[in-house]
Amino acid sequence: MAKLWLAQDAAADELLLNDPFARVLGMLLDQQIPLEKAFVGPYRLAERMGVDRLDASAIADYDPAAFAELFATVPAIHRFPGSMAERTQKLARAIADEYDGDAATVWTGAKDGKDLFKRLSALPGFGKMKAQIFIALLGKQFGVQPEGWREAAGAYGEEGSLRSVADIRDAASLAKVREFKKQMKADAKAAKA
């Protein structure tokens, strides 16, 4: 597996490589903030909790007010620390209760791409697009390729696409993904006008 280039911070990317819950959490946080800030978020959380790996059960059981404080401590983990701390705890509770605390089971237990999409879509904070992008990320950068994964990932699973975090491997691909996202926003704005 190639080195990750998502958080653009060696220690944070290392955590994403080795901690499946960190990977899922990074994807959850990837909204309304720069993607590298989202994917460095799990590392900042681990630092503040004083742990090397994130434990879904420990996060789910953490006092909500104290957990929100961890998110809000400057620099805040997310632009919306309160709501994202709450979403993180809901995600952690789902992983703890439905997957025995092991986020990797979400994908290792999937029968095929459709099943993986169904499992991811059922997680708190994961809609259709987020689930498809995460499937593409797993398939393209982590070698998680159950039968039908590209179809389940939709356009994000296309070979050679530069649409999402799943396609970022260096500065050039990051620039192209940003360009694509900027164009998508412009197109959406034009469609509303």
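Q: What makes Phe67, Leu70 and Phe71 the buried residues of helix H5?
A: In this predicted model, buried means under 20% relative accessible area, exposed over 50% and partly exposed in between, with a 1.4 Å probe and protein chains only, and within helix H5 (residues 64-72) the residues that count as buried are Phe67, Leu70 and Phe71. Helices here are DSSP runs of H or I with at least four residues, strands are runs of E with at least two, and both are numbered from the N terminus.

Q: What do the buried residues of H5 pack against?
A: With contact meaning heavy atoms within 4.5 Å, they pack against helix H2 (20-29), helix H3 (35-49), helix H4 (56-61) and helix H6 (81-98).

Q: Why is Ala122 called exposed?
A: Ala122, which is placed in the loop between helix H8 (113-121) and H9, has a relative accessibility of 55%, and therefore counts as exposed.

Q: How do you know how compact the protein is for its length?
A: The secondary structure comes to 11 helices and 0 strands. The radius of gyration, taken over C-alpha atoms, is set against a globule rule of 2.2 Å times the number of residues to the power 0.38; the protein has 16 Å, close to the 16 Å that the rule gives for 193 residues, so it is as compact as a globular protein of that length. Of these 193 residues, 46% count as buried.

Q: What share of the contacts with a separation of 6 or more comes from residues 24 or more positions apart?
A: Such residues account for 56% of those contacts in the protein.

Q: How do you know which residues and values the model lets one use?
A: Local features need pLDDT of at least 70 and side-chain atom pairs count only at pLDDT 80 or more, whereas totals for chains, interfaces and linings use all residues. Residues are numbered from 1 along each chain as its sequence is written, and side-chain values use heavy atoms, with hydrogens and water left out.
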